[in-house]
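This report describes a single protein chain for a reader who meets it here for the first time. The sequence and the structure are shown below, and the account then moves from the whole chain to individual residues.

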Amino acid sequence: MKKLIKTFIDLVFFIIIFFTSLIVRYIKKRKSKPSLVWGSDPIINNFYYSKSMKRKGFDSKTFVIESYASNKRENWDFILSDKYTILPYFLKPYVAFLESLLKFDVFFIPCSGFFIGHTNLNFFQSIFFRLAKKKVVV
């Protein structure tokens with residue numbers, strides 16, 4: 001029963017993310033400088049990269065799943081466990097991916113992928129990025 005519910009949630013979010021990607025592709029306004037996001041693993045270098053890009057005038061944010069114990073929570077702009085407080089945790093990666101598609105133009109991600117890289121939709125992640133015409137740096 002649990003597996004059936006998880007599959008249903010994956011299917012619903014697949015449809016939502018697919019259509020959101022198409023909508024973002026055609027309605028996103030071009031800005032002089034793209035907005036950047038660094039995540040979703042809390043790699044400390046991403047904090048410094050984002051900070052340096054902010055100094056160059058870019059809208060640059062870090063968005064991570066959780067902060068490592070060796071890092072300060074203040075190093076990250078957004079932490080998944082602190083965001084979307086009314087949602088159950090298993091839905092947060094999907095919502096974070098959707099929000100990021102709407103807000104950011106360039107994604108700097110690890111090999112494990114961006115938020116849905118840790119879900120059953122991980123194989124569709126690159127398709128969603130391409131549909132939305134997002135740039136991805138791994």
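The accessible surface of the chain amounts to about 8,200 Å², and carbon and sulfur atoms account for 65% of that area. The model is a predicted one, and every value in this report is computed from it. Of the 138 residues in the chain, 45% are buried. The charged side chains comprise 23 positive and 9 negative ones, with 7 Å between the centres of the two sets.

**Overall fold**

Four helices and five strands make up the secondary structure of the chain. Their order along the sequence is α-β-α-β-β-α-β-α-β. The radius of gyration is 15 Å, close to the 14 Å that the globule rule gives for 138 residues, so the chain is as compact as a globular protein of that length. Taken along the principal axes, the box filled by the C-alpha atoms is roughly 50 × 40 × 25 Å. Contacts across the sequence can also be described by their separation: among those between residues at least 6 apart, 61% join residues at least 24 apart.

**The sheet**

The five strands form an open sheet in the order E3-E2-E1-E4-E5, and their pairing is parallel. Strand E3 (78–79) and strand E5 (135–137) each have a single partner strand and stand at the edges, so one side of each is left without a neighbour in the sheet.

Strand E1 pairs with strand E2 (residues 59–64) in the parallel sense, over four bridges. Within this pair, Trp38 is placed opposite Thr62 of E2. In a regular strand, side chains alternate between the two faces of the sheet. In E1, Ser35 and Val37 point one way while Leu36 and Trp38 point the other way, and all are buried.

Strand E4 (residues 106–108) is paired with E5, again in the parallel sense, and three bridges join them. Opposite Phe108 stands Val137 of E5.

**Backbone exceptions**

Most residues other than glycine have a negative phi, and most peptide bonds are trans. The peptide bond from Gly39 to Ser40 is cis, and its omega is near 0°. Ser40 belongs to the loop that runs between strand E1 (35–38) and helix H2 (44–55).

The other two places concern phi. Tyr84, a residue other than glycine, has a positive phi near 55°; Tyr84 lies in the loop between E3 and helix H3 (92–103). Lys133, likewise not a glycine, has a positive phi near 60°, and the loop between H4 and E5 contains Lys133.

**Selected residues and their surroundings**

| Residue | Relative accessible area | Class |
|---|---|---|
| Gln125 | 8% | buried |
| Asp105 | 14% | buried |
| Tyr84 | 18% | buried |
| Phe90 | 44% | partly exposed |
| Lys133 | 46% | partly exposed |

The class follows from the cut-off: Tyr84, at 18%, counts as buried because buried means under 20% relative accessible area.

Gln125 has its place in helix H4 (residues 125–131). Which residues does Gln125 contact, leaving aside its neighbours within four places in sequence? They are Phe97, Gly113, Phe114, Phe115, Ile116 and Gly117. One of these, Phe115, is ten residues from Gln125 in sequence, and the distance between the two is 9.1 Å from C-alpha to C-alpha.

Asp105 occupies the loop between H3 and E4. Apart from neighbours within four places in sequence, Asp105 is in contact with Lys28, Lys31, Pro34, Ser35, Lys134 and Lys135. Ser35 in this list is also one of the buried residues of E1.

Phe90 is found in the loop between E3 and H3. Phe90 and Thr119 are separated by 29 residues in sequence, and their C-alpha atoms are 9.1 Å apart in space.

Notes. Residues numbered from 1 in each chain as written. Predicted model: local features only at pLDDT ≥ 70, side-chain atom pairs only at ≥ 80, totals over all residues. Heavy atoms only, no water. Rg over C-alpha atoms; globule rule 2.2 N^0.38 Å. Buried < 20%, exposed > 50% of the residue type's maximum accessible area, 1.4 Å probe, protein only. Contact = heavy atoms within 4.5 Å. Areas by Shrake-Rupley, 256 points an atom, 1.4 Å probe, with all protein chains shown as cover. Lys, Arg positive; Asp, Glu negative; His and termini not counted. Charge placed at Lys NZ, Arg CZ, Asp CG, Glu CD. Pairing = 2+ DSSP bridges.
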